[in-house]
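Please find below some remarks on the model under review.

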Amino acid sequence: MTLLSDILTYNKTFVANKEYEAYTATKVPAKKAVLVTCMDTRLQDLSTKALGFNNGDLKVVKNAGAMITHPYGSTMRSILVGIYALGAEEVIIMGHKDCGMGNIDVEKVMCTMASRGIDTKVFDLLQYSGIDVAHFLKGFDDVYDNVHHNIKLIYDHPLFDQNVPVHGLVIDPHTGELDLIHDGYTHNQIN
Ligand SMILES: [Zn+2]
């Protein structure tokens, strides 16, 4: 059995037993917020449960490191669509302690790529095209700085509605304890 066959077998039973009824929700988030957080496995459920949210309460955007890497990339687009098309009225940026993107060994990752068949000349070719692979893979040095950076990028975005509060949090992936980094109700700018 493969993971995929397990999924498809399980799914037949799930649907037949109407287990989906426990997850009934609408496209509009009940708590009217977008949460941007990390794809870390420890946060799969903890990222919402530790904040008191249930299924249907939020738009959740996850990526490696809870990073907004580009003002016109998919994470920023998800935030804007959440606000302008799907009823979100607040944004929560939540990094976490002990994040893999905070101490990623970029050279090691590139060595692993090479060992799995990626021709190292590709790194040079991309460099000539303006893509520095090491920079592309790099995460951040400090999770608190990363959350601040994300919030500033959102506030500076020309398509962002400045009346929408953006909150900054850092979660402990073991206990779920939160550190408040930025209260979007009291400060709608960040330096
Ligand atoms: Zn992480």
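1. Donors are taken as N, O and S atoms within 2.8 Å of the metal (3.2 Å for Na, K and Ca); water is not among the atoms, so sites may look incomplete. The model is predicted: local features need pLDDT of at least 70, side-chain atom pairs count only at pLDDT 80 or more, and totals for chains, interfaces and linings use all residues. Residues are numbered from 1 along each chain as its sequence is written, and side-chain values use heavy atoms, with hydrogens and water left out.

2. The zinc ion has as protein donors Cys38 (SG), His96 (NE2) and Cys99 (SG), at 2.0 to 2.2 Å. Their spacing in sequence is C-x57-H-x2-C. Cysteine 38 belongs to strand 1 (residues 33-38), whereas cysteine 99, 61 residues apart from it, sits in the loop between strand 3 (90-96) and helix 4 (106-115). Helices (H or I, at least four residues) and strands (E, at least two) are DSSP runs, numbered from the N terminus.

3. Histidine 96, in strand 3, is buried with a relative accessible area of 1%.

4. An unreviewed UniProt entry places the feature "binding site" at Cys38, Asp40, His96 and Cys99. These positions span 62 residues of sequence, yet their largest C-alpha distance is 8.9 Å. UniProt positions follow the numbering used here, feature names are shortened, and annotations may be inferred rather than shown by experiment.

5. Aspartate 40 is buried, at 14% relative accessible area.

Conventions. Buried means under 20% relative accessible area, exposed over 50%, partly exposed in between (1.4 Å probe, protein chains only).
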